[in-house]
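Subject: Structure handover

Dear colleague,

Here is the structure I said I would pass on. My notes on it follow below.

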Amino acid sequence: MTEPRWIVHLPTTLTSRDAAAALARSLGHLDAVDFGETTLSEEDAQHLRYRVWCDVRLPGGGRCGHRDGHDGWCGAAELR
């Protein structure tokens with residue numbers, strides 16, 4: 001049986017989606033964070049979530065390491 005994973009809801013004082021995405025990307029050095037699943041939401045609309053990273057699974061495992069909505073091909077770029 002797999003242990004359940006935990007979600008950390010981290011409210012901020014940031015007022016723009018771009019600033020919140022930049023904060024999420026700045027935490028890329030933390031091994032405990034599943035960055036492929038990182039999403040953002042507005043405080044009063046937490047049911048509407050926006051992906052920070054592309055969600056495409058790559059052949060051989062792993063996820064695309066580019067930002068959500070990127071141009072070009074998906075690849076294993078470093079998540080930052």
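Helix 1 gives 4 residues to the lining of the second largest pocket, the largest share of that lining. Please keep in mind throughout that this is a predicted model.

I will stay with that pocket for a moment. Its volume is about 180 Å³. The residues that line the second largest pocket are Arg-17, Asp-18, Ala-21, Arg-25, Leu-40, Tyr-50, Arg-51, Val-52, Arg-67 and Asp-68. Two elements, helix 1 and strand 2, supply two or more residues each to this lining. Sorted by class, the lining holds 6 charged and 4 nonpolar residues, with no polar ones.

The largest pocket has a volume of about 1300 Å³. It is lined by 32 residues, and those closest to its centre are Val-8, His-9, Leu-10, Thr-39 and Leu-40. Leu-40 is also listed in the lining of the second largest pocket. At least two lining residues of the largest pocket come from each of helix 1, strand 1 and strand 2. The class count for this lining is 16 nonpolar, 8 polar and 8 charged.

Next, helix 1 itself, which spans residues 17-26. Which of its residues are buried? They are Ala-20, Ala-21, Ala-24 and Arg-25. Viewed down the helix axis, these buried residues fall within an arc of 140°, so they line one face of helix 1. Strand 1, residues 39-42, is among the parts that cover them.

On salt bridges, the count comes to 2. One joins the side chains of Asp-34 and Arg-5, with an N to O distance of 3.0 Å. Asp-34 sits in the loop between helix 1 and strand 1, while Arg-5 belongs to the segment before helix 1, so this pair ties together parts that are 29 residues apart in sequence. Are the two partners buried or exposed? Asp-34 is partly exposed, at 31% relative accessible area, and Arg-5 is exposed, at 62%.

The other salt bridge is between Glu-37 and Arg-51, whose closest N and O atoms are 3.8 Å apart. Glu-37 is in the loop between helix 1 and strand 1 and Arg-51 is in strand 2, so the pair links parts that are 14 residues apart in sequence. Glu-37 is partly exposed, with a relative accessible area of 33%. Arg-51 is partly exposed as well, with a value of 26%.

Last, a note on Asp-55, which is found in the segment after strand 2. Asp-55 has 32% relative accessibility and therefore counts as partly exposed. Leaving aside residues up to four places away in sequence, what does Asp-55 touch? Its contacts are Gly-36, Glu-37 and Arg-63. Of these, Glu-37 is the residue that forms the salt bridge with Arg-51. Asp-55 and Cys-74 are 19 residues apart in sequence, and their C-alpha atoms are 9.6 Å apart in space.

Regards

Definitions and conventions. Residues are numbered from 1 along each chain as its sequence is written. This is a predicted model: local features need pLDDT of at least 70, side-chain atom pairs count only at pLDDT 80 or more; totals for chains, interfaces and linings use all residues. Side-chain values use heavy atoms; hydrogens and water are left out. Buried means under 20% relative accessible area, exposed over 50%, partly exposed in between (1.4 Å probe, protein chains only). The arc is that of the directions from the helix axis to the C-beta atoms. Contact means heavy atoms within 4.5 Å. On a 1 Å grid over the protein atoms alone, a cavity is a set of points where a 1.4 Å probe fits but cannot get out, and a pocket is an open set with protein on both sides within 12 Å along at least five of seven lines; lining residues have an atom within 4 Å of a point. Grid points are joined across faces, edges and corners, and a volume is the space filled by probe spheres set on the points. Ala, Val, Leu, Ile, Met, Phe, Trp, Tyr, Cys and Pro count as nonpolar, Asp, Glu, Lys and Arg as charged, and the others, Gly among them, as polar. A salt bridge is a side-chain nitrogen of Lys or Arg within 4 Å of a carboxyl oxygen of Asp or Glu.
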